[in-house]
Amino acid sequence: MVRPSQLLYPQREPAPTRPAATVLLLRDTADGIEVLMTRRSMTASFAPGAYVFPGGGVDAADAAAHSQSSRRATQSDLHLTQAIAAIRESFEELGVLLARHADGSHASTADIAALDRKAPFAAQCKARGLTLAGDQVFVLAHWITDRDLPRRFDVPFLVARMPEGQHPVADEAEQFEPVWVRPAEALARHQAGGFFIIFPTIRTLERLQHYASVEAVLQACSSEQPLWTSCPRAGLLAGHEARYMEHEAPYGELALACPDGQIVHALDWQTSHPVALLSNLRRLTAPNPGMMTGPGTNSYLVGEPATGYIVIDPGPADTGHLKRLWQAADGDIRMIVCTHSHPDHSPGARPLQALCKTPPPVLGLPSAPTARAASEFTPDRALQNQELLTLKGQGPGGEITHTLKVMFTPGHAANHVCLVLLEDGLLFSGDHILNGSTTVVDPPDGNMTAYLDSLDQLSAACDEHQIGFILPAHGYALGRAKTVIARLKAHRLQRETKIASVMQGNPQGTMDDWVAKAYDDVDARLWPVAKRSLLAHVERIESLGDRPAIAQN
């Protein structure tokens with residue numbers, strides 16, 4: 001867990017959330033499903049002028065109206081309360097009433113005309129013999145308003161089929177201009193600038209557009225659990241606000257640099273200056289972008305002026321990059337650590353060392369005999385597994401320490417190590433874990449069984465050292481470290497299962513035959529690279545006795 005003293009900005013408490021509910025009313029058309037949207041008042045306190053789905057705050061009366069609503073056997077009390085709130089809001093805002101008579105017929109236009117949108121809702125429905133159709137309202141998603149906004153809501157996005165024979169009529173106070181629109185059309189109109197919608201609405205429509213029918217949506221929601229839950233975060237991209245969900249690449253870095261949600265962290269990839277992630281952590285990206293390196297190799301500076309610095313992965317022998325690293329540390333580099341010896345990670349170690357007045361030791365593991373020629377590497381000293389690398393200094397509050405724990409993690413390369421910054425729960429993963437892609441495991445120096453075993457070690461370390469974030473050698477920082485590791489291992493094993501099935505279906509096939517089928521979800525231009533990891537999986541499958549020897553190309 002990151003020490004509060006290392007956060008870059010004074011923290012503020014995000015605004016509290018209010019319970020609310022929103023409903024997507026859907027209908028089928030010859031061109032696909034349509035959703036009912038309506039424009040908010042230009043004077044609204046939240047998202048003025050935006051096109052939204054009807055909804056609003058949950059009232060105490062909603063929870064008190066359970067006896068007046070139908071419900072599914074699996075529908076929780078909370079979900080029923082939210083459904084009732086959504087039914088009430090859709091009536092008050094748009095005159096749409098999800099309710100039935102005792103004979104099962106939908107509420108009619110006469111029923112709706114007889115009800116007062118401003119009077120107590122449930123009591124009016126009861127007096128007219130209407131049962132609220134809570135059992136017809138399903139949970140699609142769970143959104144929590146971004147931490148940076150002054151008004152925040154904890155709101156399920158619910159879905160329901162539009163009642164037959166009803167037509168929306170806006171209240172002309174909170175909502176205006178109700179419109180039926182296909183999700184893809186709404187997104188296109190927003191992109192063109194004529195249909196303003198906010199981030200959660202955009203992301204919901206993006207997912208909704210892939211369903212062919214209302215029934216398909218309702219079936220997808222039958223588990224009673226939201227299909228996704230999100231509290232977005234925002235950063236700056238090209239100087240403009242950019243928001244992201246949890247599964248998107250920048251999210252973890254925003255959580256690390258701005259845990260309270262302030263929009264101050266720049267996400268632009270550049271190589272001209274270091275990016276501060278914490279007070280004791282900066283990242284300088286090398287100017288070597290490419291298919292294998294993404295935005296470039298991340299070199300990390302751990303430490304502060306009082307302690308000096310450890311450089312992790314100096315990167316390629318690029319003079320400008322190494323000079324910028326040296327300048328960022330004010331020349332006070334105490335150690336240079338290479339997570340492994342691939343040519344985008346270790347060649348800069350010696351020239352960086354030479355820049356320093358007092359040459360720091362170059363640390364890592366020697367390359368194995370299986371390494372390719374470009375990856376040959378001999379450190380000044382070989383690291384020991386579980387070794388501690390410590391920086392110490394004196395600050396205004398007393399002694400300052402930054403301690404890196406070494407973990408041997410073979411798999412991507414035989415001499416691969418990861419490092420844990422113990423005081424702050426940070427994992428420097430080298431190429432073992434990346435953001436945006438899976439690492440290549442290239443035999444003979446790479447080994448898939450060793451790679452998976454190393455993932456297990458890192459998962460255990462997350463518990464032991466309360467690791468919350470991963471700092472990869474390529475891509476943004478990752479949050480929810482243990483979850484990332486678990487998903488990565490599951491992905492690798494799923495791929496291996498697919499490979500084994502392909503091999504069983506074509507036991508005399510070549511590697512080229514197998515890669516085309518086992519990686520049919522990957523751009524064919526990447527198959528030459530994927531074939532290296534395929535070989536690692538094949539070797540592992542064969543070592544487990546699952547099939548005969550590899551056929552030659």
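This is a predicted model: local features need pLDDT of at least 70, side-chain atom pairs count only at pLDDT 80 or more; totals for chains, interfaces and linings use all residues.

Reader: In what order do the strands β20 to β24 lie in their sheet?

Author: Strands of a sheet pair through backbone hydrogen bonds, either parallel or antiparallel. Here strands are DSSP runs of E with at least two residues, helices are runs of H or I with at least four, and both are numbered from the N terminus. Two strands pair if DSSP finds at least two bridges between them. The order is β20-β21-β22-β23-β24, an open sheet with mixed pairing. β20 (388–395) and β24 (469–472) are the edge strands, each pairing on one side only. Eight bridges join β20 to β21 (residues 398–408) in the antiparallel sense. Leucine 388 has lysine 405 in β21 as its bridge partner.

Reader: Which helix packs on this sheet?

Author: Helix α11 (residues 448–465) does, touching β21, β22 (417–421) and β23 (426–430). Contact means heavy atoms within 4.5 Å. The direction of α11 makes about 155° with that of β21. Such angles run from 0 to 180 degrees between N-to-C directions, with axes fitted to C-alpha atoms, for helices over the stretch in contact.

Reader: Which strands are at the edges of the seven-stranded sheet?

Author: The edge strands are β13 (275–278) and β19 (381–382). β13 pairs with β14 (residues 281–285) in the antiparallel sense over three bridges, and valine 275 stands opposite arginine 283 in β14.

Reader: How do α12 and α14 pack?

Author: Two packed helices are described by the angle between their axes and the distance between the axes. For α12 (residues 481–505) and α14 (residues 527–543), the angle is about 75° and the axes are 10 Å apart. The two helices are therefore roughly perpendicular, a label for angles of 65 to 115 degrees (under 35 is roughly parallel, over 145 roughly antiparallel, the rest oblique).

Reader: How many disulfides are there?

Author: A disulfide is a covalent bond between the sulfur atoms of two cysteines. With a cut-off of 2.5 Å between the sulfur atoms, the count is zero. For cysteine 356, the nearest cysteine sulfur, that of cysteine 338, is 13 Å away. Cysteine 356 is buried, at 5% relative accessible area; buried means under 20%, exposed over 50% and partly exposed in between (1.4 Å probe, protein chains only).

How values were computed: Residues are numbered from 1 along each chain as its sequence is written. Side-chain values use heavy atoms; hydrogens and water are left out.
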